[in-house]
Amino acid sequence: MRRSAEQQRLDEDRLGKPRWRKWGPYLSERQWGTVREDYSAGGTAWDYLPHDHARSRAYRWGEDGIAGISDDQQRLCLSLALWNGRDPILKERLFGLTNSEANHGEDVKELYYYLDATPSHSYLKLLYKYPQREFPYAQLVAENRRRGRDQPEYELLDTGLFDDDRYFDVFVEYAKAEADDILMLVTVHNRGPDEAAISVLPQVWFRNTWSWDDKAFRPELLLENGAVVARHPTLGDYWLFADGDPTWLFCENESNTRRLFGSDGGTRYPKDAFHEYVVSGNTEAVNPAKTGTKAAAYYRMTVPAGGSAQFRLRLTNGASKTPFRDFNAIFENRKQEADDFYANLQAEIPDADARLVQRQALAGMIWNKQFYYFDISQWIKGDPGQPTPPVQRHFGRNREWRHLNNADVISMPDKWEYPWYAAWDLAFHIIPFAMIDPQFAKDQLVLLTREWYMHPNGQLPAYEWAFGDVNPPVHAWATWRVFQIDRRQRHAAGEPDYDGDLAFLERVFHKLILNFTWWVNRKDAQGRNIFQGGFLGLDNIGVFDRSAPLPTGGFVNQADGTSWMAMYCLNLMRIALELALHNRVYEDIATKFFEHFLHIAEAMNSIGTKDMCAEGGVGLWCEHDQFYYDVLNLPDGRVVPLKIRSMVGLIPLFAVETLDPELLDRLPEFKRRLEWFLNYRPDLAALVSHWNVPGKGQRRLLSLLRGHRMKALLRRMLDESEFLSDYGVRSVSRVHRDQPYEFPLDGHTLTVRYQPAESDSGAFGGNSNWRGPIWFPVNYLLIESLRKFHHYYGDDFKVECPTGSGTFLNIREVADELSRRLTRIFLRDAGERRAVFGATSAEGLARSERLNRDPHFRDYLLFHEYFDGDAGRGVGASHQCGWTGLVAKLFAPHADEAGREQKKLATQPRQKVEPQAPARERGGVVPIGGGQ
């Protein structure tokens, strides 16, 4: 099978010759307001380095910009700055509101779209919409600050700034001639009725690495023969060529100490010099010697109404006398190769709109890669020659994570709203990444388990605001899925004998055993296999902040925490079984996780107690409500079920695995131990969905749910008056809209009410809401779990979908229906409207009309953090292509993964196994308890 040009580049990059991914979209979209740039005494990151300081203050740990790229250590950066002749500041970075300024948490207030990208970054395309009128910085702050949490956010389109189409569409494209030869094309379209002036400043600069270390080498930019030469001791020399006749501006990437602190002593030409030159007209602000560490090609042009202008640049590691001779041809080639790459990926997707949505989702995934640099020990200690950090830092945020030293390209949730990695988000990011670049996906999973990330005690780092927070343990699931996707792709590419990347699988597996042990030792308060864990990524879903000490005292036994651990056991068991096919030692480890799973199932379902609310009930299942709930354990010994019908009670569906007879036959020792449990511990076997009863195709099922309980949960989940929306599964049942859950506490009442979109609470920053909206990560896991159940039960096991409709579907068909509902968020409906562009307020309806009808808006997608549980409109972070990028996987034709594994095993030669006596005959007893 012939591999595309893009696929060949990925193959070359994997071998390191050449390194096509060395340069990429690794520039952050917001470095200001981050924890790593915060040197305040009180940990007030938003206030310490606000947007107003960003143009004048040198960053310590990274760089930001509009439509920017850098090398993979962010030594040299390239991005775009603009000025419309009216703005009070040069537009060098995206503007947004801080957490305290906005009525629903921090939020970017710009219009930009990730339109295209290839995984090697051989081609990249982004659109930025720049108003021709003065940008309303103060108005956006004042109006959003005025509004309460019960009101919609005030967006840029609501200001009237884009009325009469008085704006520029600025398309920024990159194409690589070679791995170290990058072409930049900026195309400015005037969408307005009159001609309009614009200043375009492509900028190149070095990340400041010299102000923090007196011994560090200072790189240099200088003008030679009409081009900027960039000299760096480790990166080497690069040349930036600019077509036409721009004015070259130079300054230093250093702080303006006079503006910031009212003190002299800094450089004469600080990093805000271009703002001073362009906006303030201060021609003495830039270095006349044409040297520095930051440079810009300054173009000024008037674009006619409906017209356009183009600006061409080339950054390369070799000097050239004719840098633009082959420029257009290279761009056309890379665009065609990108089309070829996606045509192959989307060959079985007939709908053009679905192909558009998937391609933009994957583009967003690629554009949200970022170089992330943070050395906690250095951050706490401070830098030579710089002010000593406040003493509070030694007792404050992340002090237990001094080993953490990150300097890598990582997939971010959203490079403006969340410009830092998040552990459980990342596990979902790599699923769509595995479709287009499995090596990058594998590298990301390995990275998070490396010793400079993972805590010595085995905990994975959560995110920079609190690395010690606890996220759901989904990395084993992600590791197994990436392994499967990679193997399937290699088979399809003509390598039928490829067993999969076993070295990757084994490498991550060993680290995850450490993490599993951390969970068992730290998050099982009573040692009974019922787990806590805190908020576990579900922010405000509970009546309490589950990460904070409870106002009641005591602790909460969590249905989700316990279910995640059951899922974790099954994921690790399945990985161990795969490894055992090549190394018999892993059969023992697989047995350990199998046994641990059974004990969690036993604890969760509370043997001998059908109703958790009955006297003596300690389980998490309520027979009366046919649902799982968290349970509050009070200091005086009382047990209080927290009867909120939420995603917490559906997560037990995630703990499911099927075992095919072909696999068991090749692992006789593991099979014998299963049979031992069948014969000697029927009490445990009976808890696990009759796993001992052969299913369709003689398969066996491991699950927390028997058929009865699974049907009971699905009955609620598929009820449109409860969980099922036209656009997926809600995070909280709609029944709580009219019947909110109430918990009396010290004379007042804590309430959880169904809220389909924005939160009315400030919990967890107020910008995330798990009390009703639709979230892609858990919906995706529901779909995968249902497909596993179908693999066992087959087509004859049917449930009513939707509940009360009279329509019965098998479980695979239910999974397909959920997938259709989720993709419906983005696809045009019969009226040519996209639900993601929906609105509820009058001003929002006007905005929605434009987004759905305007040809310069309607096909540019935003992949939001979560979605309105009733209407499907996008809510939260607007560019969270991270886990919402899972929609790309939903568009891919579904194949029965478990069935494929079965066929693969059936055609492989069986491992030769020496006969052994049963365990009892060897004088030993198979251990029960899995580490108890």
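**Close-up views of a predicted model**

**View 1. Thr823 in helix H21.** Thr823 belongs to helix H21 (residues 811-823); helices (H or I, at least four residues) and strands (E, at least two) are DSSP runs numbered from the N terminus. The structure is a predicted model, in which local features need pLDDT of at least 70 and side-chain atom pairs count only at pLDDT 80 or more, while totals for chains, interfaces and linings use all residues. Residues are numbered from 1 along each chain as its sequence is written, and side-chain values use heavy atoms, with hydrogens and water left out. Thr823 counts as buried because its relative accessibility is 7% (buried means under 20% relative accessible area, exposed over 50%, partly exposed in between, with a 1.4 Å probe and protein chains only). The side chain of Thr823 reaches the backbone oxygen of Arg820 at 3.0 Å. With neighbours within four places in sequence left aside, Thr823 is in contact (heavy atoms within 4.5 Å) with Val887, Leu890 and Phe891.

**View 2. Phe826 and the nonpolar cores.** The largest nonpolar core comprises 247 residues, and Met573, Phe670, Met717 and Phe826 have the most contacts inside it; such a core is a set of buried Ala, Val, Leu, Ile, Met, Phe, Trp, Tyr and Cys residues joined through side-chain atoms within 4.5 Å. Helix H14 (residues 559-580) supplies the largest share of this core, 15 residues. Another core, of 27 residues, lies apart from it and includes Ile380, Ile410, Tyr463 and Ala877. Beyond its neighbours within four places in sequence, Phe826 is in contact with residues including Val357, Phe776, Leu861, Phe867 and Val887.

View 3. Nine strands, in the order S6-S7-S8-S9-S17-S13-S12-S11-S15, form an open sheet with antiparallel pairing; two strands pair if DSSP finds at least two bridges between them. Strand S6 (111-117) and strand S15 (291-292) stand at the edges with a single partner strand each, so one side of each is left without a neighbour in the sheet. Six bridges join S6 to strand S7 (residues 123-131) in the antiparallel sense, and Asp116 has Lys125 in S7 as its bridge partner. Helix H8 (residues 352-367) lies across S6, S7 and strand S8 (167-178), running at about 100° to S6.

**View 4. Packing of H8 against H10.** H8 packs with helix H10 (residues 423-436) at an angle of about 110°, their axes 10 Å apart (axes are lines fitted to C-alpha atoms, for helices over the stretch in contact, and angles run from 0 to 180 degrees between N-to-C directions). H8 is therefore roughly perpendicular to H10, a term that covers 65 to 115 degrees. Gln358, Leu362, Met365 and Ile366 of H8 meet His429, Pro432, Phe433, Met435 and Ile436 of H10.

**View 5. Strand S10 between its partners.** Because 10 of the 11 residues of strand S10 (residues 196-206) are buried, S10 is largely enclosed by the rest of the structure. Strand S3 (residues 76-83) pairs with S10 over eight bridges in the antiparallel sense, and the bridge partner of Ser79 in S10 is Gln203.

**View 6. Val508 in helix H13.** Val508 is part of helix H13 (residues 502-522) and counts as buried at 1% relative accessibility. Residues up to four places away in sequence not counted, Val508 touches Val446, Thr449 and Thr479.

Definitions and conventions
Polar contact = N/O pair within 3.5 Å; in protein donor to acceptor, adjacent residues only side chain to side chain. Parallel < 35°, antiparallel > 145°, perpendicular 65-115°, else oblique.
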